[in-house]
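Subject: Structure handover

Hello,

Here is the structure for you to look at. My notes on it follow below.

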Amino acid sequence: MKLREQVGLNVRNLRSSRGLSQEQLALVAEVDRSYISEIELAKNSASIDVLERIADALEVDPKELFNERG
């Protein structure tokens, strides 16, 4: 699995496990909802700054976005 796909999957799983919609995550992370969707679907890669804001919004260490999950 490519890193972009892994990050997208992790963002989706972490967001869902916290009961957040893409809209809610986007609002807290200060990005557009469609951008969250593109990240989750691995259609777009996010900058380090955006990944940091997403991790903060999800209340996880940014490295959690890169972890392999089984």
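Contact here means heavy atoms within 4.5 Å. This is a predicted model, in which local features need pLDDT of at least 70 and side-chain atom pairs count only at pLDDT 80 or more, while totals for chains, interfaces and linings use all residues. Residues are numbered from 1 along each chain as its sequence is written, and side-chain values use heavy atoms, leaving out hydrogens and water.

Glu40 lies in helix 3, residues 33-40 (helices are DSSP runs of H or I, at least four residues, numbered from the N terminus). Leaving aside residues up to four places away in sequence, Glu40 touches Gly8, Leu9, Val11, Arg12, Arg15 and Gln22. Its relative accessible area is 4%, so Glu40 is buried (under 20% relative accessible area, with a 1.4 Å probe and protein chains only).

Leu58 belongs to helix 4, residues 48-58. Leu58 is also buried, at 1% relative accessibility. With residues up to four places away in sequence not counted, its contacts are Val11, Leu14, Arg15, Arg18, Leu20, Leu25 and Leu65. Val28 is 30 residues from Leu58 along the chain, and their C-alpha atoms are 8.9 Å apart.

Helix 4 also packs against helix 1 (residues 3-17), at an angle of about 25 degrees and with the axes 10 Å apart (axes are lines fitted to C-alpha atoms over the stretch in contact, and angles run from 0 to 180 degrees between N-to-C directions). The two helices are therefore roughly parallel (angles under 35 degrees). Val7, Val11, Leu14 and Arg15 of helix 1 meet Leu51, Ile54 and Leu58 of helix 4.

Regards

How values were computed:
Buried < 20%, exposed > 50% of the residue type's maximum accessible area, 1.4 Å probe, protein only. Parallel < 35°, antiparallel > 145°, perpendicular 65-115°, else oblique.
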